[in-house]
Amino acid sequence: MTNQTIFKLKVRQITSTCNFELSWGDGLVIDVNVNYPFSLTQSYENWHRAYLDYYVRLRGKKGISGTGSAPRDFHKQLVETEAQLLHEFQQWLLSPELVSINRAISKAVSQTSEKQLVEIFLTCTPIEIARLPWESWDIYFDTDSDSPKKIRIARSPANISNEVMHPVRRKIRVLVILGDDSGLDLEGDKQAVKSLNSIVDVKFVGWNRKTDTTNFDANALKHQIIKAISDDRGWDILFFAGHSNETQLTGGELGIAPGVALSMQEIEGSLKIARKRGLQFAIFNSCNGINIAEFLINLGLSQVAVMREPIHDKVAPIFLVKFLQSLAEYKDVHTALLDASQLLKEDEKRLSYPSAYLVPSLFRHPEAELFQIQPFNITSRIKRWLPTKLEAKWLGGLLLLSLLPPVQSLLLEPRILVQAIYRQITFQKPVDVETDLLVVQIDQESIDADSYPNKNQIYPIDYSYLAALVNRLSLLDARIIGIDFILDDTKQPNNSLKLRQSVQNAVKKNTWFIFATEEGEKTPRSWVSKDIADSKWGLSGEISSDDWYVELLPINDKNIDIYPFSYMLALATIFNKDSTDSSPTPSLPRKIQLQTEAIEHLNNYKNPNKTIEILRQNNFIKQWLKPVIDFSISPDKAYTNVSACKLLGDCDGKGDIPQNLRNKTILIIPGGYKGAGLKGKNEDNFPIPLSVAFWRGWGNGTMPGGEAHAYIFHHLMKPRLVVPVPDVWMIFLVAPLAKFISLTLIENPYAHKKIIKIVSANTIIFLLITLQIYISTSILIPCFLPSILVCKYIHFAIRRQSDE
C-alpha cells in the first residue's frame, strides 16, 4: 500500500440521521451528520423489486424460474428505477454537510502522482445502508476528468477481530466448492476456473448432480467440504458457486446441495485453519453475500469478492470470466473486480443485463496487501530458488572459507576427533592384530639413560647412539630400518664412522635402509652424508610434514628425484616380503643405485596388490582429493612404540620388544625429547592431534612428527586412504537442499516446529551415516560448514516470516 493514500469512512445510520466519519493520515478526522432521506430507501426498494422482476432466473433465489428473456416494460422499469436510485443517492452525497469530506478526498487525489491511487475503506451500518451502491459514488472534484479513476472504494466490516496472515509463497492453490445448482448452470463457472490451470492448482469439491443424487448423505458432503477447506497444504483462493443467502446470526449460509445449507459458523474452524495455512482471498459467485464477506474479513481473510444482490445465471459467468482473466494477467483482485464490473457497464452488456454492474463488491481487510497471482513460470521458479541477498552473502562467505587451507585444517581435527569417539562408542576399533611397524623412539628417557654416550650431542643426534641402535636391530634380524633423522652433520667424524660401519654390516645382511631427506628452498638436501652411507646402499624419502595429510606422488611422476618417506618405507616392506628372485635386494657392492632399481621394479611389477597399485599410480584424483591421516584409529592399532633405551636394555621404557624382527619394519624417530630437531627448537615436536590425545587420555600435548610417518605407513600397507570430499563441493550440493527447506518453511509458516523437527532428525541421521561412511568406505564427508549453511537458511526463512 505504499503507492496509495488511504481513507477510512464510517457511515452509521441512527434513526433519521447518518453519521459520516472520515479519517486519514496522522490522526486527521472529519465527523459530520447528515439527514437520511427515507425516499432513498423507497428508491432502493423500487429498484430492487424491478431488478428481481427483470431477472426471473436467479442465482441464490430458489423457486423462481424463467427463460432469461424479460418483457420490454420490465427492462424499462429497471432502467428507470436504477436512474432514480443513482440520482437520489448522488444528490444525498452532495449534501452541504458532506462538502468537507468531498474536498478532503478531492485534495488527496490532486496531490497523487499518475500511478498513485486513493483508497477508501467504507464501513456501513446497518446492513440496509450497506446494500446501497456505494461503488457508484461520484465524488465532487475540482480536478481533471481522470480523477475518478484514481479512487477505489472497498468495503470493510464494522468489527474485525483477527489480523491478516502473510501470504504463503508458493504456486497458487484454489479450492472450488460447487454448491446447489438447482435452476443454475455451473458449467461456465467450472470452465472459467479451469482456464487458470496453467498458473494455479485447482481442486473441485462439493455437490455433483450426476453422482450424488442416489444415496445422498448430507453430513458426508459437509464433512467433505470441511476437510477440504482445512487441507494440510493450504489454499490461497476459496471459490464458491451456487446458492447463498444472508443470515444475521450465523454469518450467512451456502446452499451446498438441494435442501442442504452450510452456515459460515459451521465452517469457521476449518476456515481459521485455512487462514493459518495461507488462505487470502475468497470469491462467492452467488447471491446476497454481504454477511458472508463481513464474516470472512472479521475472521482475518485479506479480501472477499461477493454479489450484494441476487445475480442472474447468465451474468455470473460473464463477470467471473473477466475477473479471472484479469487475475491471470497478474492484476490485483480489486483491479480485477473493477475490470469485470466495467465490462458489465459497457453498452452492449448493460443493454442485456441492466444494473448488473452495481452488484459486485470487494470487502477488504484494512491491513492487508491486495491479493494477486504471482507468476509461476520457469523464470519465476528459477528466481524463487536463487538465494536472497543474505543467503548469497553467507553462501559466498562459506564458499570462501572452505577454500582457505587454515580453515580446512582447523575443521579437520575436530571432525576426526568425532570420528574417533564414534569408533569408540560403536566398538569399531580395528581388531587386535600384531602391527607391522615397530617405532623406536629416542625419547627423553633414552636421552637421560646411561646408554646415551654424549649428553652434549643432542642437536643433531649423536650418531654413535644411532649406530648402537642399528647394531641391536641387526642382531634381532631386522630387515627394514627407516631412520627419521637428517644425517648430514659433518662435525661428528668418529660417530659418523661408527654409524657407517653399522649400516654397512646390516646391508651385507640384505637389510633395507630408508634414510630421511628434507626439501630445501631450491634443491633437496643431500639424502645422507657420504661419511655414513653410499647412495647406492639404500632408499631415501622426503620427511617434510604436510599438515596431517598423506603425501602421495605428484601428478606428473616422471623423473621424480625424491619420494615421500613413508612411501619408500612401504616399498621396502613389500619387496622384503616378496620371495621371488626378481625383487631388488640391498647388497654390497652395487653398481647402480638401489632406489633406481626399486622404482623400475615397482613400475614393472606383475600381479600387484592394492598397496602396489597405490604406490605406482600417479593418483590424479587423490591429488585433488588429498587423503588425510586417519588419526581416528588408535595409535596402538597402527604401530607399536618402544623406547630406544629399552631396546638397548638400559631402561624400563615403554613398549615390548619382539624376540625376532625379521618380519617387522623398524622406524627410528625422535621421540618427543625436549627441543627435538636439527636446531634444538622443537621442530619435530608437533601439537598433538585431538584424536590422538583422545586415545592417549588427553595427556602429553605433543606428538613426534615420526608418528605421522608411522600412520601413513599403516594406511599404505592396509591399504586405507581416507579421501575427504572438499567442503566447497558439499556446500554446493547442500545449497539447493537448504533453499528447499527455506522455501518449505516460507510456504508452511504454521508448520515450522514440525519441519524443523524433521530437518533436525534427518540431520542427525545424516551425520551418523557420514560417520559410518568414513569407516566403511574411507570417505570423509564434511558436515560443519554445510550444516551452518542449512541453519542460516532456516534462520533467514523464519526471521523473514516473523518480520512479515
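Author: Rolling a probe the size of a water molecule over the atoms shows where empty space is left. In this predicted model, the second largest cavity holds about 50 Å³ of space.

Reader: Which residues line the second largest cavity?

Author: The lining is made of Leu122, Thr123, Cys124, Ala130, Arg155, Ser156, Glu294 and Phe363. Strand 5 gives the most to this lining, with three residues. By type, the lining of the second largest cavity divides into four nonpolar, two polar and two charged residues.

Reader: How many cavities of 30 Å³ or more does a search of the whole structure find?

Author: The search finds two. The largest cavity has a volume of about 70 Å³. Its lining residues are Val174, Val193, Leu196, Ile237, Phe239, Phe281, Ile283, Leu320, Phe323, Leu324 and Leu327.

Reader: Which elements each supply at least two residues of the lining of the largest cavity?

Author: They are strand 9 (237–241), strand 13 (281–285) and helix 10 (315–328). Helix 10 has the largest share, four residues. As for type, the lining of the largest cavity has eleven nonpolar residues, no polar and no charged.

Reader: What about the largest pocket: how much space lies in it?

Author: The space in the largest pocket comes to about 1000 Å³. It is lined by 37 residues, and the closest to the centre of the pocket are His166, Pro167, Val168, Arg169 and Gln374. Helix 13 (378–385) and helix 27 (727–747) are the elements that give two or more residues to this lining. The lining of the largest pocket divides into 14 nonpolar, ten polar and 13 charged residues.

Reader: Now the strands. With which strands does strand 1 pair, and in which sense?

Author: In a regular strand the side chains alternate between the two faces of the sheet. Here, strand 1 (residues 4–14) pairs with strand 5 (residues 117–125) in the parallel sense, over nine bridges. Gln4 has Leu117 of strand 5 as its bridge partner. With strand 2 (residues 17–24), strand 1 pairs in the antiparallel sense, over eight bridges. Leu9 has Leu22 of strand 2 as its bridge partner.

Reader: How many residues lie between strand 1 and strand 2 in their hairpin?

Author: There are two residues between them, and Thr15 in the turn has a positive phi of about 55°.

Reader: How many residues has the largest nonpolar core, and which have the most contacts inside it?

Author: The largest nonpolar core has 117 residues, and Phe20, Trp134, Leu296 and Phe323 have the most contacts inside it. Leaving out residues up to four places away in sequence, Phe20 touches Leu9, Lys10, Val11, Ile30, Asp31, Val32, Val34, Trp92, Leu93, Leu98, Ile101 and Trp134. Another core, of 59 residues, lies apart from the largest one, and among its residues are Leu412, Phe565, Val628 and Val722.

Reader: Last, a single residue. Why does Glu600 count as partly exposed?

Author: A residue is buried under 20% relative accessible area and exposed over 50%, with partly exposed in between. Glu600 counts as partly exposed because its relative accessibility is 48%. Glu600 lies in helix 20 (residues 594–603).

Reader: How far apart are Glu600 and Pro584 in sequence and in space?

Author: Glu600 and Pro584 are 16 residues apart in sequence, and their C-alpha atoms are 9.7 Å apart in space.

How values were computed:
Residues are numbered from 1 along each chain as its sequence is written. This is a predicted model: local features need pLDDT of at least 70, side-chain atom pairs count only at pLDDT 80 or more; totals for chains, interfaces and linings use all residues. Side-chain values use heavy atoms; hydrogens and water are left out. On a 1 Å grid over the protein atoms alone, a cavity is a set of points where a 1.4 Å probe fits but cannot get out, and a pocket is an open set with protein on both sides within 12 Å along at least five of seven lines; lining residues have an atom within 4 Å of a point. Grid points are joined across faces, edges and corners, and a volume is the space filled by probe spheres set on the points. Ala, Val, Leu, Ile, Met, Phe, Trp, Tyr, Cys and Pro count as nonpolar, Asp, Glu, Lys and Arg as charged, and the others, Gly among them, as polar. A nonpolar core is a set of buried Ala, Val, Leu, Ile, Met, Phe, Trp, Tyr and Cys residues joined through side-chain atoms within 4.5 Å. Buried means under 20% relative accessible area, exposed over 50%, partly exposed in between (1.4 Å probe, protein chains only). Contact means heavy atoms within 4.5 Å. Two strands pair if DSSP finds at least two bridges between them.
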